[in-house]
Amino acid sequence: MKSGPLTLEARITPEVFREFAFFDTFRRQKRWKGPALFALIMGGFAAVCFALRGSREQAVLIGTVLLVVGLGLPAAYVLSFYLSVRRREKALKAAGCPVAYRLRLEEDGLSARQGEKEERCPWDQVAEAWRLRRCLCVYVDRQRAYLLPPRDEEEGERLWAFLTDHLPGKTRG
């Protein structure tokens, strides 16, 4: 499907940022696995201590400490992440959600302009694209993404169709 270039101004609202931050960290990068594994291991050690409570002195105390540490550190990690996202949301809201960058989707690639800095990325070098509820994410490499928050549902469908056509096998959503 041939179509003309699509141009949009990306305004990152607090809602878009929150959705992207949680998606990228916990779903795409799967950074929940480390804390979950830690909690599981510490919970297992705590269970062994609780099982030995009749034959070992202070086994319940050690088991309780292991369980508190095993659940507390992952909870602190998630809470810290959540609070950092909240700080960024407040900063975005205070700034009035200015235009973060301008994107131009063309037949040969994506152009992004942020202030005086401009980046071009051909479609064959784009890593992947994801469709979220409030925006589309185009990863130009494994770590960097451009967010495309559509103004309305129709524009979102048009952008997604464009990305699907130009990134066969690299779109998820």
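Student: How many bridges pair strand 2 with strand 3 (residues 109–114)?
Tutor: This is a predicted model: local features need pLDDT of at least 70, side-chain atom pairs count only at pLDDT 80 or more, and totals for chains, interfaces and linings use all residues. Residues are numbered from 1 along each chain as its sequence is written, and side-chain values use heavy atoms, without hydrogens and water. Strands are DSSP runs of E (at least two residues), helices runs of H or I (at least four), numbered from the N terminus. Strands pair if DSSP finds at least two bridges between them; strand 2 and strand 3 pair in the antiparallel sense, with a bridge count of four.

Student: Which residue of strand 3 is the bridge partner of Leu105?
Tutor: A hairpin joins strand 2 to strand 3 through three residues. In strand 3, the partner of Leu105 is Leu110.

Student: Which residue in strand 2 stands opposite Arg11?
Tutor: Strand 1 (residues 6–11) and strand 2 (residues 99–105) run antiparallel, joined by six bridges. In strand 2, the residue opposite Arg11 is Val99.

Student: How do helix 2 and helix 3 run, roughly parallel or roughly antiparallel?
Tutor: The axes of helix 2 (residues 33–51) and helix 3 (residues 59–95) come within 8 Å and cross at roughly 170 degrees. Angles over 145 degrees count as roughly antiparallel, those under 35 as roughly parallel. So helix 2 and helix 3 are roughly antiparallel.

Student: How many nonpolar residues does the contact of helix 2 with helix 3 have?
Tutor: Nonpolar means Ala, Val, Leu, Ile, Met, Phe, Trp, Tyr, Cys or Pro. The contact of helix 2 with helix 3 has four polar and no charged residues. Its nonpolar count is 18.

How values were computed
Axes fitted to C-alpha atoms, helices over the stretch in contact; angles between N-to-C directions. Parallel < 35°, antiparallel > 145°, perpendicular 65-115°, else oblique.
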